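Hello,

Here is the structure I promised to pass on to you. Have a look first, and then read my notes below.

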Amino acid sequence: MCQLLGMNCNTPTDILFSFEGFHRRGGLTDHHADGWGIAFFEGRGVRLFIDDKPSSDSPVAGLVRRYPIKSKNVIAHIRKATQGEIRLENCHPFVRELWGQYWIFAHNGDLKDFQPAQGQHYQPVGSTDSERAFCHILEQLRLRWNTPPDSAQLFDEMTRLAAQIRPHGTFNFMLSNGEWLIAHCATHLHTIVRQAPFNTAHLVDDDVSIDFSTVTTPRDRVAVIATQPLTDNENWSALAPGELVLFRDGAALYTSHPAS
């Protein structure tokens, strides 16, 4: 299936190190070669890069690797198609507006027999189960609230919606509005929070290391979320199946489990 990468920070940070390893999984160190994408929040705006070519040899990925875009919230995706043809409109992340904010979404998995009623405000452009799920989530949120709820209310509703969709199949996803990032684990999702004292990290997918103490300040805090750990010398934590986490400013603010 697909692979996910997310970053949530307390100060704008570039994702070059993580993306250097992650993009190689799109056709080089792994077989996810059916397109890729990455979205960066900058203030209220979003920079979105997508390509239906493998990320390991995509010229667009080459641009991203050389461009140190700093962001507090980033979501990236490399695709192994299960539903929907290999076309640009089926590449993640997907972007929509809700309550005057951009929202970005990416999904790893396969949802069987998931055909929600057509929404009044959000409809898929492509033919993936992932985009259908995203449109359904935003439709439900818009129907419930006319203005943004507080983060606790939103998290409770996302817990309910994730539980509603989860029985249809594998539903690992990431969602962000630029203020926070929500991650949901169905099978595989791992996290690490980097903060002082910073150490040296070494990539799994390439012989590349970085000493984070040379490129950070003592107050920096960065949460990285990935389908599989990106480094081999750090302690990543695996989320439990059914676990939902909302990250803000590089830390887990809310966590829920299926039984809670």
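**What I found**

Seven strands form an open sheet in the order S3-S2-S4-S1-S12-S9-S13, with antiparallel pairing. Its edge strands, each pairing on one side only, are strand S3 (45-51) and strand S13 (237-238). Strands here are DSSP runs (E, at least two residues), numbered from the N terminus, and two strands pair if DSSP finds at least two bridges between them. Strand S2 (residues 36-42) and S3 are joined by seven bridges in the antiparallel sense; Glu42 has Gly45 in S3 as its bridge partner.

Please note that this is a predicted model: local features need pLDDT of at least 70, side-chain atom pairs count only at pLDDT 80 or more, and totals for chains, interfaces and linings use all residues. Residues are numbered from 1 along each chain as its sequence is written, and side-chain values use heavy atoms, leaving out hydrogens and water.

Next, Asn177: it lies in the loop between strand S7 (169-176) and strand S8 (181-184). Asn177 is buried, at 9% relative accessibility (buried means under 20% relative accessible area, with a 1.4 Å probe and protein chains only). Its side chain has polar contacts with the side chains of Gln101, at 3.2 Å, and Trp180, at 3.3 Å (a polar contact is a pair of N or O atoms within 3.5 Å, one able to donate a hydrogen and the other to accept it; residues adjacent in sequence count only if both atoms are side-chain atoms).

Finally, the cysteines: there are zero disulfides (pairs of cysteine sulfur atoms within 2.5 Å). Cys135 is buried at 3% relative accessibility, and its sulfur is too far for a bond because the closest cysteine sulfur, in Cys91, is 16 Å away.

Best wishes

How values were computed: Helices (H or I, at least four residues) and strands (E, at least two) are DSSP runs, numbered from the N terminus. Buried means under 20% relative accessible area, exposed over 50%, partly exposed in between (1.4 Å probe, protein chains only).
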